[in-house]
Amino acid sequence: MLSKSKIGDVNRNNQRLTEKTEYTGNDHNQRIWILECLEPRDGESCSYVYGANGSDFFQRKCPVCQGGRPGLPIPAAN
Ligand SMILES: [Zn+2]
């Protein structure tokens, strides 16, 4: 079900799914997905980019402007 989410999807909190990585998150059986915040802030979008468990995507809030939990480290792209 959750795997239906695809790159470019935006959740109800205006967080966009930017990339699905193969790295393991910190929740059971989850991979790290990279999200970007699209919330307007000071006339521009917040644009904060962070990692999250795939299972959290649908309800994730931005750690910077929406008081969400801190993001997971974004795995270094090698
Ligand atoms: Zn934000």
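1. The model is a predicted one, in which local features need pLDDT of at least 70 and side-chain atom pairs count only at pLDDT 80 or more, while totals for chains, interfaces and linings use all residues. Residue numbers start from 1 along each chain as its sequence is written.

2. On these terms the chain has five strands and zero helices, and its pattern along the sequence reads β-β-β-β-β. The C-alpha trace spans about 35 × 25 × 20 Å along its principal axes. The radius of gyration (over C-alpha atoms, with the globule rule being 2.2 Å times the number of residues to the power 0.38) is 12 Å, which agrees with the value near 12 Å for a compact globule of 78 residues.

3. An open sheet of three strands has the order β1-β2-β5 and antiparallel pairing, where two strands pair if DSSP finds at least two bridges between them. Because β1 (15–24) and β5 (49–53) stand at the edges with a single partner strand each, one side of each is left without a neighbour in the sheet. From one strand to the next the twist averages 30°, the axes being lines fitted to C-alpha atoms and the angles running from 0 to 180 degrees between N-to-C directions.

4. The pairing of β1 with β2 is antiparallel and extends over six bridges; these two strands form a hairpin with six residues between them, and N29 in the turn has a positive phi of about 65°. Strand β2 (residues 31–37) is also joined to β5 by five bridges, again in the antiparallel sense, with I32 opposite N53 in β5.

5. L17 lies in strand β1 and stands opposite L35 in β2. Is L17 buried or exposed? L17 counts as buried because it has 21 C-beta neighbours inside 10 Å, the cut-offs being 20 or more other C-beta atoms within 10 Å for buried, 12 or fewer for exposed and partly exposed in between, with C-beta atoms placed from the backbone. Of the 78 residues of the chain, 22% count as buried.

6. Leaving aside neighbours within four places in sequence, L17 is in contact (C-beta atoms, placed from the backbone, within 7 Å) with residues including I7, W33, L35 and F57. The C-alpha atoms of L17 and V49, which are 32 residues apart along the chain, are separated by 9.8 Å.

Definitions and conventions. Helix = DSSP H or I, 4+ residues; strand = E, 2+ residues; numbered from the N terminus. Contact = placed C-beta atoms within 7 Å.
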